[in-house]
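This report looks at pairs of charged side chains. Have the sequence and the 3D structure at hand while reading.

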Amino acid sequence: MKRIIVPIFMSLVLLLMPVLAEAHPGRTDSNGGHYCRTNCAKWGLENGEYHYHNGGSSDSKPAATAKPAVKPTAKPTAKPTATPAPTLLLPKKQNVGTLQVYFFDVGQGDSTLIRTPNNQYVLIDGGNNDQGKNVVKYLNALGVKALDAMVATHPDADHIGGLDDVLKALDVKSVYAPKVTHTTETYKDFLTAVKNEGRTIKPVTKGVTIPLTGVEAKFLAPIRTYGDNLNDWSAVLKVTYKNKSFLYTGDAEKASENDMLADGMSLKADVLKVGHHGSSSSTSKAFLDAVKPQYAVISVGKNNYGHPDSGILTRLKNANTSALRTDQKGTITAISDGNKITFTSTKGAK
């Protein structure tokens with residue numbers, strides 16, 4: 001009987017070996033699992049599905065060995081600090097009893113304050129729109145509470161843009177401007193500010209004067225009308241204190257300069273505020289020869305116009321005129337006792 005049972009048992013083992021082989025998961029890999037290749041459906045797997053011997057979850061590919069999280073050793077980078085706005089360099093208030101002229105640094109534009117020996121104030125222009133608040137800061141630093149006169153030389157934005165801020169901040173007793181209009185919002189803002197302060201504009205032509213004590217302030221131009229050329233409409237003001245005088249030309253160009261020359265008026269001045277930021281369209285040789293300035297101030301900033309023109313700088317040098325530029329010296333202050341003139345600036349004395 002034993003002899004019969006043993007061969008039968010061995011036969012059954014041999015018959016079942018393929019099944020066991022098919023069902024056996026086979027060798028495991030380093031991850032503890034393997035791919036199913038045969039008889040997969042019986043074990044609830046798909047052909048080629050990766051699974052583990054311990055009945056763990058299956059996937060189509062071995063799970064990547066997780067790496068332990070590493071703490072960063074570097075300190076977090078600090079937030080970059082914002083670049084601070086450049087500090088506005090304020091001019092120093094000078095002693096009472098002298099004529100003081102402050103050529104404000106307003107970038108590519110014009111703004112000049114005159115303080116008389118009797119503490120009267122005249123502001124000529126106010127720079128561009130974005131300079132209005134700076135002009136107010138300059139005036140506050142100099143202790144200006146009210147202006148006896150404001151002069152808008154012509155409607156260009158780089159001359160009148162900041163005047164509405166000044167009108168809102170200070171008491172302005174009178175406003176002077178040539179009788180020419182413009183359609184820009186900047187010019188409309190200026191007119192609105194004048195109206196809101198209850199003022200009217202006093203028209204400027206040759207011969208009009210600003211009433212000041214002990215100082216003569218007379219307009220030399222515009223002499224006539226100049227159509228669409230706003231620069232030649234510029235109000236040109238000559239201020240004289242005893243034996244010294246200053247000539248402020250706005251953006252007056254050669255047509256206006258030629259009219260002043262032809263009129264035969266005295267253009268002689270010790271200090272010339274150079275026309276049109278040193279553009280070649282102004283400060284002709286004939287005009288410069290008539291003014292004969294000892295000093296010339298150029299109100300200018302970073303620009304794409306080529307201001308000041310190299311030819312104008314050479315012309316001033318050939319005329320033995322010392323040129324001072326606001327883009328190099330900041331706000332320039334001229335102080336005169338009526339017999340001599342000295343200069344200082346926010347970026348160093350001359």
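Lys-285 and Asp-289 are joined by a salt bridge between their side chains, 2.9 Å from N to O. A salt bridge here is a side-chain nitrogen of Lys or Arg within 4 Å of a carboxyl oxygen of Asp or Glu. Helix α7 (residues 285-291) holds both Lys-285 and Asp-289, which are 4 residues apart, about one turn of the helix. Helices (H or I, at least four residues) and strands (E, at least two) are DSSP runs, numbered from the N terminus.

Lys-285 is exposed at 52% relative accessibility, while Asp-289 is partly exposed at 37%. Buried means under 20% relative accessible area, exposed over 50%, and partly exposed in between (1.4 Å probe, protein chains only).

## Basis of the model

The model is predicted: local features need pLDDT of at least 70, side-chain atom pairs count only at pLDDT 80 or more, and totals for chains, interfaces and linings use all residues. Residues are numbered from 1 along each chain as its sequence is written, and side-chain values use heavy atoms, with hydrogens and water left out.

## Pairs between distant parts

Arg-224 and Asp-259 form a salt bridge through their side chains, at 2.7 Å from N to O. Arg-224 sits in the loop between β11 (216-221) and β12 (236-241) and Asp-259 in helix α6 (residues 254-263), so this pair ties together parts 35 residues apart in sequence. Arg-224 is partly exposed at 44%, whereas Asp-259 is buried at 18%.

Another salt bridge joins Asp-270 and Lys-244, with the closest N and O atoms 3.6 Å apart. Asp-270 lies in the loop between α6 and β14 (271-273) and Lys-244 in strand β13 (residues 244-248), 26 residues apart. Both residues, Asp-270 and Lys-244, are buried.

## Total

How many salt bridges does the rule give? The count is 10.
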